[in-house]
Amino acid sequence: MSATDDRVVQALREHGGLTRHGLTATTELSLATLNRAIDRLVNLGRVVVIGREASTGGRPPEIFAYNGEGQVVAGISVTDTGATALLMTLDGGIVGRDETIFGRLTDPEVRLQLTCGLLDRIVDQPERRLVGIGVAVPGVVTGRTGTVSAIHELGWDRLALGDLLSRRAGLPVFLDNDANCLAVAEHRRGAGRGVANLVSLVVRNGLGAGLITNGQLYRGMHHEAGEIGYLLTGRDSLRRLFPDRGELEQLIGGKRLSDEAARLGLDLSDEPTLPNLIVLGHERGGKAGKLADELLDLTALSIAALCVVLDPELVIIGGSADETGMSLVIDGVRERLIGRILRVPPLRPAGLGADAIMIGAASFAADGLSFASAN
């Protein structure tokens, strides 16, 4: 929502029903600005008229209230192992969930069809009125059609996914990078509330960063800010080319993790992610322990680069439900950075846990609807 809409919604959530006069006094907005915001919010269904005050002459003033449960948005997170979704009211309540598992399927088209099947189920739910959908993907999203590129985990490249899903759903679909979704969710509702400058890190099959600067999401010129899989790790990097996958992604991404798990004979009931390989290495030692140390070293070097350039107040680590693994990542990175960079900011797990990326995607959907209404 716009900052003006936010002020109106916040006033109604805190004070209950208010007239236009009450809202101008509470929000300190001019009547003309307030009227435009009210019109937008009423059209979106976020604000409703619940009655009128007694007339003192002339038309009785309308009383407005926030309608947070009247409509819902969906947030979907797509990874290489499946897609998960939640339904969220416009005031942030979680009212539904669904998921689809890809299992060992690797065909990009099959993964796309399974994702579309999840979308169909979300759209067909009858309980509440679905007004928008946000989708988080582990790659770069550009253009008006929501084109995704370089999603090696899913085999999707130059796919107009946003346009495809929007036409299928018959609703607005807003795509974004999963690390951006994590950053926005944690900044608004999680561990980063009240923090103006933060870095969020998706630690899963590789690393991805979402950046909040001066209270706003920073995307970069080509929407590629935070693509730290392309960080270079040493002088030898300058003598090689990385046209497909960045060097860091080659060292810490899903393919390397799978190859190393197989080479070491690690029996993983779940997928071989960075956190669970670190847990196994911590428990078993030997070659598995050396791998865990290498993964932690590379993660620490990445976070060091972000901290030195951006000087964040906070670094949030999320993207995995493995609490033990996330704790080991945070402790290992902190230990490696103390005394080696100017300042090690607080390192915290995502406050919204495994829901954070989906909540961020749903928030982008709600924001997009407000923006479309305003224009």
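Residues are numbered from 1 along each chain as its sequence is written, and side-chain values use heavy atoms, with hydrogens and water left out. Because the model is predicted, local features need pLDDT of at least 70 and side-chain atom pairs count only at pLDDT 80 or more, while totals for chains, interfaces and linings use all residues.

Helices (H or I, at least four residues) and strands (E, at least two) are taken as DSSP runs and numbered from the N terminus. Helix α1 covers residues 3-15, and its axis comes within 10 Å of that of α2, with a crossing angle of roughly 105°. Axes here are lines fitted to C-alpha atoms, for helices over the stretch in contact, and angles run from 0 to 180 degrees between N-to-C directions. The two helices α1 and α2 are therefore roughly perpendicular, on a scale where angles under 35 degrees count as roughly parallel, over 145 as roughly antiparallel, 65 to 115 as roughly perpendicular and the rest as oblique. On the α1 side the contact (heavy atoms within 4.5 Å) involves Arg-7, Val-8, Ala-11, Leu-12 and His-15, which meet Leu-23, Thr-26 and Thr-27 of α2. By class, the residues of this contact of α1 with α2 are four nonpolar, three polar and one charged; Ala, Val, Leu, Ile, Met, Phe, Trp, Tyr, Cys and Pro count as nonpolar, Asp, Glu, Lys and Arg as charged, and the others, Gly among them, as polar.

Helix α1 also meets helix α3 (residues 31-44), their axes coming within 10 Å and crossing at roughly 80°. This angle makes α1 roughly perpendicular to α3. Thr-4, Asp-5, Val-8 and Val-9 represent α1 in the contact, and Thr-33, Leu-34, Ala-37, Ile-38, Arg-40 and Leu-41 represent α3. The contact of α1 with α3 holds six nonpolar, two polar and two charged residues.

Glu-28 has a phi near 65°, a positive value in a residue other than glycine. With a relative accessible area of 68%, Glu-28 is exposed; buried means under 20% relative accessible area, exposed over 50%, and partly exposed in between (1.4 Å probe, protein chains only). Arg-158, also not a glycine, has a positive phi of about 55°. This residue, Arg-158, sits in the loop between β8 (147-149) and β9 (159-160), and is exposed at 70% relative accessibility.

Turning to charged pairs, the model has 20 salt bridges, each defined as a side-chain nitrogen of Lys or Arg within 4 Å of a carboxyl oxygen of Asp or Glu. One of them pairs Arg-20 with Glu-62, the closest N and O atoms being 3.4 Å apart. Arg-20 belongs to helix α2 (residues 20-27) and Glu-62 to strand β2 (residues 62-66), so this pair links distant parts of the chain, 42 residues apart. Arg-20 is partly exposed at 27% relative accessibility, and Glu-62 is partly exposed at 21%.

A further salt bridge joins the side chains of Asp-176 and Arg-219 (2.7 Å, N to O). Asp-176 lies in strand β10 (residues 173-177) and Arg-219 in the loop between β13 (216-218) and α7 (247-252), so the pair ties together parts 43 residues apart in sequence. Asp-176 is buried, with a relative accessible area of 5%, whereas Arg-219 is partly exposed at 26%. Arg-240 and Glu-247 also meet in a salt bridge (3.9 Å, N to O); Arg-240 is partly exposed at 45% and Glu-247 is buried at 7%.

Ala-183 is placed in helix α6 (residues 178-189) and is buried, at 0% relative accessibility. Leaving aside neighbours within four places in sequence, Ala-183 is in contact with Ser-200, Gly-210, Leu-211, Ile-212 and Leu-217. Ala-350 is 167 residues from Ala-183 in sequence, and their C-alpha atoms are 9.3 Å apart in space.

Finally, helix α10 (residues 286-310) has 25 residues and reaches 36 Å from its first C-alpha to its last, close to the 36 Å expected at 1.5 Å a residue, the expected span being 1.5 Å times one less than the number of residues. Just after α10, Asp-311 takes a positive phi of about 50°.
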